[in-house]
Amino acid sequence: MSSSISRRKMITTGVAAVAGVSGLAASRIAGHYGLIPPDSGGIWGVGETLTYAAQRVLMSHHSMAREFSLSDVSKVVPVSGLPPKTDLYQGLLAGGFKDWRLTVDGMVARPGTFALEELKRMPARSQITHQACEEGWSFICQWTGVPLSYVLNLVGVSKQAKYVVVYAFDDVWDSLDMPDAYHPQTFLTYGMNGPDLNADHGAPLRLRVARQLGYKSVKFLSRITVTDSLKHVGDGKGSIQPAFGYSWYAGI
Ligand SMILES: Nc1nc2c(c(=O)[nH]1)N[C@H]1C(S)=C(S)[C@@H](COP(=O)(O)O)O[C@H]1N2
Ligand SMILES: [Mo]
């Protein structure tokens, strides 16, 4: 955590220095360019805005996370967030997720639901990337799935849409802006170190966001909603995480 804090401080100072203005004025500039994150309210708001704006301005939208080789795959993979104990999830798990459907709705031309088999028939890609938890541990493994961009293109996202919200069976929810939703390394994954994803790591489907901290890689997905505003989604902060003291934007 300390290294991310010092890094954040550096970026914050950097953007204010580049802009040659105070934090508040820099926030105003960020607002002008649509770079205000949804959790910008409250005492840490200026810092959140500067971190997000700095990453979006200084880095290309398609800068890639490093990909590794099979020999780099971690032998031990910790778990954070156990599979939901609800009857609904446990029933789907017991049935091999045959009755599970991913709902995709909101600002899309063709809302729909997708069975796991349908997602598996879409163009698949594998990537070996690093996942880092905000608590300090990390691992490398191979993820297989369909790029989120493929599914978004299939349902036809409205030009006015700004965010993609994901919901999980354990009530975790989060969202991505469009540069991250369409990023080539942002995946809906159903395979981990092989063709399957076990329940601990998010079966039947998990989001993988290679350039953000582990908590953005939401497990046990049930629904994806496309929207132009996060104000009325949950507590309006774009993610369940700000309520626990973490940022909506968790770029690494
Ligand atoms: N639905 C859901 N997704 C989640 C979590 C969770 O508790 N519930 N934990 C997150 C956190 S904090 C991390 S670090 C990663 C951990 O992934 P792993 O359990 O596969 O190692 O999943 C993320 N996705
Ligand atoms: Mo985490």
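Analyst: Let's start with S9, which is mostly covered: six of its seven residues are buried. Buried means under 20% relative accessible area, exposed is over 50% and partly exposed is in between, using a 1.4 Å probe and protein chains only. This is a predicted model, where local features need pLDDT of at least 70, side-chain atom pairs count only at pLDDT 80 or more, and totals for chains, interfaces and linings use all residues; side-chain values use heavy atoms, with hydrogens and water left out. Residues are numbered from 1 along each chain as its sequence is written, while chains are lettered from A and ligands numbered from 1 in the order in which they are written.

User: Which sheet order includes S9?

Analyst: The order is S2-S1-S9-S5-S6, an open sheet of five strands with mixed pairing. Strand S2 (112–115) and S6 are the edge strands, each pairing on one side only. On average, neighbouring strands here are turned by 20 degrees against each other, direction ignored. For the terms: strands (E, at least two residues) and helices (H or I, at least four) are DSSP runs numbered from the N terminus, and two strands pair if DSSP finds at least two bridges between them.

User: OK, do S1 and S9 run parallel or antiparallel?

Analyst: Parallel, with four bridges joining S1 to S9. Asp105 has Thr225 as its bridge partner in S9. Thr225 is also the bridge partner of Val165, and S5 and S9 pair in the antiparallel sense over six bridges.

User: And how many bridges hold S1 and S2?

Analyst: Four, in the antiparallel sense, with S1 covering residues 101–106. Within S2, Gly112 stands opposite Val104.

User: Which helix lies across those strands?

Analyst: Helix H6 (residues 148–155) lies across S1, S2, strand S5 (163–168), S6 and strand S9 (221–227), and runs at about 140 degrees to S2. Axes are lines fitted to C-alpha atoms, for helices over the stretch in contact, and angles run from 0 to 180 degrees between N-to-C directions.

User: Pick a residue in H6 for me. What does Leu152 touch?

Analyst: Leu152 sits in H6. Contact means heavy atoms within 4.5 Å. Leaving aside neighbours within four places in sequence, Leu152 is in contact with Val157, Val164, Ala181, Tyr182 and Val226. The C-alpha atoms of Leu152 and Val164 are separated by 9.2 Å, and the two residues are 12 apart along the chain. Leu152 counts as buried because its relative accessible area is 1%.

User: Moving on. What order do the strands of the four-stranded sheet have?

Analyst: S3-S4-S7-S8, an open sheet with antiparallel pairing. Strand S3 (125–132) and strand S8 (206–209) each have a single partner strand, so one side of each is left without a neighbour in the sheet. Neighbouring strands of this sheet are turned by 55 degrees against each other on average, direction ignored. H6 packs on this sheet as well, touching strand S4 (138–147), S7 and S8, and its direction makes about 25 degrees with that of S4.

User: Is Thr186 buried or exposed?

Analyst: Buried, because its relative accessibility is 1%. Thr186 lies in strand S7 (residues 186–192). Beyond neighbours within four places in sequence, its contacts include Pro147, Leu148, Leu176 and Asp180.

User: How much space lies in the second largest pocket?

Analyst: About 440 Å³. It has 26 lining residues, and the closest to its centre are Ser80, Gly81, Gly214, Tyr215 and Gln241.

Notes
1 Å grid on protein atoms, 1.4 Å probe; cavity = no way out; pocket = protein on both sides within 12 Å on 5 of 7 lines; lining within 4 Å. Points joined across faces, edges and corners; volume = space filled by probe spheres on them.
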